[in-house]
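Please have a look at the model below, and then I will go through a few points.

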Amino acid sequence: LARRPAILATAGALALVTLAGLLLRLPALPPPAALACGIRGPVLTDYWNAKSLRLFSGGDIAAIPVTPSGDPYWWMDTRARWRDAAPGAILTERLDTDANRTTYGVPDRLVPCGTGQLGYYDDPGRLGAVLASRPEAILP
(Lines give C-alpha, C1' and ligand atoms only; values in the text may rest on other atoms or scores of the structure.)
Protein backbone atom coordinates (compact mmCIF):
# COMPACT_ATOMS: atom_id res chain seq x y z
CA LEU A 1 0.00 0.00 0.00
CA ALA A 2 2.89 2.35 0.75
CA ARG A 3 4.32 1.67 -2.74
CA ARG A 4 1.14 2.76 -4.51
CA PRO A 5 2.03 6.51 -4.73
CA ALA A 6 5.43 5.63 -6.24
CA ILE A 7 3.80 3.39 -8.84
CA LEU A 8 1.25 6.08 -9.70
CA ALA A 9 4.00 8.71 -9.97
CA THR A 10 6.04 6.46 -12.29
CA ALA A 11 3.01 5.74 -14.48
CA GLY A 12 2.23 9.45 -14.66
CA ALA A 13 5.80 10.28 -15.66
CA LEU A 14 5.75 7.63 -18.39
CA ALA A 15 2.46 9.01 -19.71
CA LEU A 16 3.94 12.53 -19.86
CA VAL A 17 7.05 11.34 -21.68
CA THR A 18 4.92 9.42 -24.19
CA LEU A 19 2.67 12.43 -24.75
CA ALA A 20 5.67 14.72 -25.20
CA GLY A 21 7.13 12.33 -27.78
CA LEU A 22 3.88 12.30 -29.72
CA LEU A 23 3.55 16.07 -29.63
CA LEU A 24 7.16 16.77 -30.63
CA ARG A 25 6.99 14.40 -33.60
CA LEU A 26 10.72 13.77 -33.75
CA PRO A 27 11.99 13.42 -37.32
CA ALA A 28 12.37 9.92 -38.70
CA LEU A 29 15.82 8.66 -39.62
CA PRO A 30 16.45 8.62 -43.37
CA PRO A 31 17.13 5.20 -44.90
CA PRO A 32 20.78 4.54 -45.75
CA ALA A 33 21.81 5.32 -49.33
CA ALA A 34 23.20 1.79 -49.64
CA LEU A 35 19.66 0.43 -49.37
CA ALA A 36 19.10 1.39 -53.02
CA CYS A 37 22.14 -0.59 -54.23
CA GLY A 38 20.34 -3.90 -54.67
CA ILE A 39 22.42 -5.78 -52.10
CA ARG A 40 21.69 -9.51 -52.19
CA GLY A 41 22.98 -12.01 -49.70
CA PRO A 42 25.23 -11.33 -46.71
CA VAL A 43 27.50 -8.30 -46.95
CA LEU A 44 30.37 -7.11 -44.74
CA THR A 45 30.15 -3.46 -43.75
CA ASP A 46 30.84 -1.08 -40.89
CA TYR A 47 28.75 -1.13 -37.71
CA TRP A 48 26.49 1.80 -38.63
CA ASN A 49 25.65 0.52 -42.09
CA ALA A 50 25.08 -2.99 -40.74
CA LYS A 51 22.53 -1.79 -38.20
CA SER A 52 20.69 0.60 -40.52
CA LEU A 53 20.65 -1.80 -43.50
CA ARG A 54 19.16 -4.58 -41.37
CA LEU A 55 16.62 -2.19 -39.85
CA PHE A 56 15.47 -0.47 -43.03
CA SER A 57 15.43 -3.68 -45.09
CA GLY A 58 13.25 -5.41 -42.53
CA GLY A 59 16.04 -7.92 -42.01
CA ASP A 60 16.25 -8.87 -45.70
CA ILE A 61 19.85 -7.63 -45.96
CA ALA A 62 22.18 -9.73 -43.83
CA ALA A 63 24.70 -6.99 -43.09
CA ILE A 64 27.57 -8.19 -40.93
CA PRO A 65 29.46 -5.56 -38.92
CA VAL A 66 33.24 -5.46 -39.19
CA THR A 67 35.87 -3.02 -37.96
CA PRO A 68 37.44 -0.62 -40.49
CA SER A 69 40.22 -3.19 -41.03
CA GLY A 70 37.76 -6.08 -41.53
CA ASP A 71 37.80 -7.90 -38.19
CA PRO A 72 34.44 -9.18 -36.91
CA TYR A 73 32.85 -6.44 -34.84
CA TRP A 74 30.89 -7.91 -31.99
CA TRP A 75 29.06 -5.04 -30.38
CA MET A 76 25.37 -5.43 -29.56
CA ASP A 77 25.29 -8.27 -32.07
CA THR A 78 25.39 -12.03 -32.16
CA ARG A 79 28.59 -13.88 -32.92
CA ALA A 80 26.62 -16.36 -35.02
CA ARG A 81 25.84 -13.59 -37.54
CA TRP A 82 29.45 -13.53 -38.73
CA ARG A 83 30.73 -16.93 -37.58
CA ASP A 84 28.43 -18.89 -39.92
CA ALA A 85 28.11 -16.27 -42.66
CA ALA A 86 28.96 -16.63 -46.32
CA PRO A 87 29.19 -12.98 -47.40
CA GLY A 88 29.64 -12.29 -51.08
CA ALA A 89 30.44 -8.58 -50.92
CA ILE A 90 32.01 -5.80 -48.85
CA LEU A 91 30.42 -2.35 -48.64
CA THR A 92 33.47 -0.09 -48.42
CA GLU A 93 31.85 3.01 -46.88
CA ARG A 94 33.75 3.89 -43.65
CA LEU A 95 36.09 0.90 -44.08
CA ASP A 96 39.83 0.87 -44.78
CA THR A 97 39.91 -0.29 -48.40
CA ASP A 98 43.62 -1.12 -48.40
CA ALA A 99 43.42 -3.12 -45.16
CA ASN A 100 40.39 -5.05 -46.43
CA ARG A 101 42.10 -5.84 -49.73
CA THR A 102 45.08 -7.15 -47.78
CA THR A 103 42.79 -9.26 -45.58
CA TYR A 104 40.17 -10.47 -48.06
CA GLY A 105 41.86 -9.96 -51.43
CA VAL A 106 40.88 -7.76 -54.36
CA PRO A 107 37.16 -7.96 -55.21
CA ASP A 108 36.20 -9.50 -58.56
CA ARG A 109 34.12 -6.42 -59.40
CA LEU A 110 33.27 -3.04 -57.88
CA VAL A 111 29.90 -1.28 -58.09
CA PRO A 112 29.31 2.29 -56.85
CA CYS A 113 27.03 2.28 -53.80
CA GLY A 114 26.12 5.30 -51.67
CA THR A 115 29.34 7.09 -50.76
CA GLY A 116 31.35 3.89 -51.13
CA GLN A 117 31.49 0.84 -53.34
CA LEU A 118 30.26 -2.72 -53.19
CA GLY A 119 33.14 -5.09 -53.78
CA TYR A 120 31.73 -8.41 -55.01
CA TYR A 121 33.61 -11.69 -54.63
CA ASP A 122 32.65 -14.56 -56.92
CA ASP A 123 33.59 -17.12 -54.25
CA PRO A 124 31.58 -16.18 -51.12
CA GLY A 125 33.22 -19.06 -49.24
CA ARG A 126 36.49 -17.14 -49.45
CA LEU A 127 35.16 -14.14 -47.52
CA GLY A 128 33.41 -16.32 -44.95
CA ALA A 129 36.53 -18.43 -44.30
CA VAL A 130 38.73 -15.37 -43.84
CA LEU A 131 36.12 -13.68 -41.64
CA ALA A 132 35.86 -16.75 -39.39
CA SER A 133 39.65 -16.86 -38.99
CA ARG A 134 39.94 -13.20 -37.90
CA PRO A 135 40.07 -12.23 -34.21
CA GLU A 136 36.83 -10.66 -33.02
CA ALA A 137 36.91 -7.04 -31.95
CA ILE A 138 34.86 -5.71 -29.07
CA LEU A 139 35.10 -1.95 -29.18
CA PRO A 140 33.27 0.66 -27.13
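This is a predicted model: local features need pLDDT of at least 70, side-chain atom pairs count only at pLDDT 80 or more; totals for chains, interfaces and linings use all residues.

Which residue in β5 is the bridge partner of arginine 109?

1. That partner is tyrosine 120. Strand β5 covers residues 116–120, and β4 and β5 pair in the antiparallel sense over 5 bridges.

2. Stepping back to the whole sheet, there are 5 strands in an open arrangement, ordered β2-β1-β3-β5-β4, and the pairing is mixed. The edges are taken by β2 (63–65) and β4 (109–113); each has a single partner strand, so one side of each is left without a neighbour in the sheet. From one strand to the next, the twist averages 25°.

3. Now to the helix on the sheet. Helix α2 (residues 47–56) lies across β1 (43–45), β2 and β3 (89–91), and runs at about 150° to β2.

4. The aromatic residues deserve a look too, with a count of 2 aromatic pairs. One of them joins tyrosine 47 and tryptophan 48 edge-to-face, at 4.8 Å centre to centre with 85° between the planes. Tyrosine 47 is buried at 11% relative accessibility, whereas tryptophan 48 is exposed at 59%.

5. Tyrosine 47 also pairs with tyrosine 73: the ring centres are 5.5 Å apart and the planes stand at 80°, so this pair is edge-to-face. The pair links distant parts of the chain, with tyrosine 47 in helix α2 and tyrosine 73 in the loop between β2 and α3 (79–83), 26 residues apart. Tyrosine 73 is buried, at 10% relative accessibility.

6. Taken together, Tyr47, Trp48 and Tyr73 form one aromatic cluster.

Key: Residues are numbered from 1 along each chain as its sequence is written. Side-chain values use heavy atoms; hydrogens and water are left out. Two strands pair if DSSP finds at least two bridges between them. Helices (H or I, at least four residues) and strands (E, at least two) are DSSP runs, numbered from the N terminus. Axes are lines fitted to C-alpha atoms, for helices over the stretch in contact, and angles run from 0 to 180 degrees between N-to-C directions. Contact means heavy atoms within 4.5 Å. Rings of Phe, Tyr and Trp (its six-membered ring) pair if their centres lie within 6.5 Å; planes under 30 degrees apart count as stacked, over 60 as edge-to-face and the rest as tilted. Buried means under 20% relative accessible area, exposed over 50%, partly exposed in between (1.4 Å probe, protein chains only).
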